[in-house]
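Thanks for coming. Please have the sequence and the model open while I talk.

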Amino acid sequence: MSIEIEGVSKNFGQFAALSEVDLIVPSGELVALLGPSGSGKTTLLRIIAGLELPDTGRILFNGEETTKRDVRERHVGFVFQHYALFRHMTVFENIAFGLTVQPRKSRLKKADIRDKVFTLLKLIQLEQLWDRYPAQLSGGQRQRVALARALAVEPQVLLLDEPFGALDAKVRLELRRWLRRLHDEIHVTSVFVTHDQEEALEVANRIVVMSQGKIEQQGTPTEVYDRPATPFVFDFLGNVNLFQGRVHEGMAQMGGMEISSPEHAATNNVSAVGYVRSHDIEIERLSLDASSVQAEVRYILSVGPLVRVDLELSGGEGVEVDLPRDVADKLDLQVGEKVFARPRKVRIFTDDYQI
Amino acid sequence: MHVAKGFRKKGEKDGSQVSEPAAVRFLLICAALAFLALFLLLPLAAVFAEAFAKGWEAYLAALHEPDTLSAIWLTLLTAAICVPINLFFGIVAAWAIAKFSFRGKSLLITLIDLPFSVSPVVSGLIYVLIFGLQGWLGPWLQAHDIKIIFAVPGIVLATVFVTFPFVARELIPLMESQGRDEEEAALILGASGLQTFFRVTFPNIKWGVLYGVILCNARAMGEFGAVSVVSGHVRGSTNTIPLQVEILYNEYSYAAAFAVASLLALLALVTLVLKTVAEWKIQQGLSINEGER
């Protein structure tokens, strides 16, 4: 089922949580709402679920007006950040809850409910623990029970609010992949909220980057990562270095480098900011042309497969560079050494783009 | 190693490193116990000693007195009306306050606390002012032959007023600490409001409810000030147990007065035990809650 959001705004007192948000979630997609805290992503999710009402705007499910429809009639599955399992019920009772509260007429028979719950328990690989209470489960297990509980009512839309936020790194990674596979199996339209760019890039088909109640950019993970539309998106996705400077007729001067910027051919001495990802900088011993700048190595740190090098440019700016281990080994850099830094890919935003 | 051992010795008994010397501990504990004995246990013992001063038969006879039986009956009746009313009101108010945000919420909380801050005598007077013969509604009530003041309805009203914070006060922090997530989850799964309450909310607060009911009941049965003002002290008709104790005492029937008072003391003891159990269960519930977060 597709979800359309048209011009949705929501204020909490003076605070504008969402302003004029438009978004289409195509049927069967797994969409990530990505943004820092306070960006309105959770509010948007709760509005889709019907837990909050928008001040203005409309929500359409499959083209059908849903804005005012009661939570209970929306047939959504919702997974809470802190699981929100019913603490006085067993795992079985938790998963069966949505089935047992149906009106008598449409309710499944007891045996059918039992079968269904055990099918779901199998799906989340917790068959053995059906009679445990939530307090007796680990965080990852609880989150899987919460997911099974949401899926039991066969929702048309699955909404997940920071589903892995409260888990430790290893469990989070496992559950992410598991969710990805699960979605490939059942293809239910899913929206999940996260502030973790890595999580969004890994799990989602589409990423919607939000900031201050507005959508900054949406697209496939590759699109938003490779072609960030705004400085904010650039900054939020991955490690990035900023260079202040000016652009004049297609040439940018920043941090002592000269960089050609064909898209700004028509500009006339405008101040601009250049964004360079930390892995898009090369370190060389010799300067080949004006696009590289002299720098001093301040600090070297190995982080797993990467080596992080802190440079200080001749102009005094600090720059972070991530080098693959083999490249770093070949260079054999020493702290205090003078080298040249050359940005491979620079994205230049002139000041009218300023955040 | 040696140093660690030396440190250990100080707080040997409780295994903690930070502790007072044994003599200080002993003194503190003794002071606390002596205080309790003097102000709590001694009076309690005195009540029972006086009650049984003239033997079992006199004790039972005092309780069998028609006026006393009527007082016991009225007290039970009052509690039986007030507790359910305040149970309902308390849950509704706590639910509204803990699970929703609305204008005037802090005013409502203040109002709920009002009976705690107002002297019970004043609480009683309020009703005399409203329903009494000289009061606002007095003439109208008299014209329609409805008796509220100096009758059972007045006693019930005053008791409801005095006891209404107990359940709400107990539940508000408990429900606030539990948050709204579980209720929201239930609604999304298709549960109705009532199903959500009885299957999700109530099981989480039941021990808190019991705790509130116990306190509310104890106060409803023991209330003196407010009831004294509105009751009119009509023997065998508008006297509750506390009022009956006072009357008997003023008439120098000490044994009878203490016999009736011992009923209230017993109630207090039972309340204490139930309260401890309920508190323990709440703690258990909260620690499970902690585990879930």
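First, the ground rules. This is a predicted model, in which local features need pLDDT of at least 70 and side-chain atom pairs count only at pLDDT 80 or more, while totals for chains, interfaces and linings use all residues. Residues are numbered from 1 along each chain as its sequence is written, chains are lettered from A and ligands numbered from 1 in the order in which they are written, and side-chain values use heavy atoms, with hydrogens and water left out.

Let us begin with chain A as a whole. Its secondary structure comes to 9 helices and 20 strands. Helices (H or I, at least four residues) and strands (E, at least two) are DSSP runs, numbered from the N terminus. The C-alpha atoms of chain A fill a box of roughly 80 × 45 × 35 Å along the principal axes. Of its 355 residues, 52% count as buried. Buried means under 20% relative accessible area, exposed means over 50%, and partly exposed is in between, with a 1.4 Å probe and protein chains only.

Now one strand. How many of the 5 residues of strand β3 of chain A are buried? The count is 5 of the 5, so β3(A), residues 30–34, is largely enclosed by the rest of the structure. In a regular strand the side chains alternate between the two faces of the sheet. Here, Leu30(A), Ala32(A) and Leu34(A) point one way, and Val31(A) and Leu33(A) point the other way.

What does β3(A) pair with? Strands pair if DSSP finds at least two bridges between them. β3(A) is joined by 5 bridges to strand β8 (residues 189–194), and the two run parallel. Leu34(A) has Thr194(A) as its bridge partner there. Another 4 bridges join β3(A) to strand β9 (residues 206–211), also in parallel, and Val31(A) stands opposite Arg206(A) in β9(A).

Next, two backbone angles. Most residues other than glycine have a negative phi, and most peptide bonds are trans. His187(A) has a positive phi, near 55 degrees, and sits in the loop between α5 (169–186) and β8 of chain A. Asp332(A), not a glycine either, has a positive phi of about 50 degrees. Its place is the loop between α9 (325–331) and β19 (338–343) of chain A.

On to the rings. Over all chains there are 20 aromatic pairs. Rings of Phe, Tyr and Trp (its six-membered ring) pair if their centres lie within 6.5 Å; planes under 30 degrees apart count as stacked, over 60 as edge-to-face and the rest as tilted. Phe92(A) and Phe118(A) have ring centres 5.8 Å apart and planes at 45 degrees, so this pair is tilted. Phe92(A) lies in helix α2 (residues 91–100) and Phe118(A) in helix α3 (residues 110–123) of chain A, so the pair ties together parts 26 residues apart in sequence. Phe92(A) is buried at 17% relative accessible area, while Phe118(A), at 22%, is partly exposed.

In chain B, Trp95(B) and Phe197(B) also form a tilted pair, with 5.1 Å between centres and 45 degrees between planes. Trp95(B) is in helix α4 (residues 66–99) and Phe197(B) in helix α11 (residues 193–222), 102 residues apart. Phe197(B) is buried, at 9%.

Now the charges. There are 28 salt bridges over all chains. A salt bridge here is a side-chain nitrogen of Lys or Arg within 4 Å of a carboxyl oxygen of Asp or Glu. Glu174(A) and Lys170(A) form one, at 3.7 Å from N to O, and both residues are exposed. They are 4 residues apart in helix α5, so about one helical turn separates them. In chain B, Glu223(B) and Arg219(B) meet at 2.9 Å. Glu223(B) is buried, at 3%, whereas Arg219(B) is partly exposed, at 27%.
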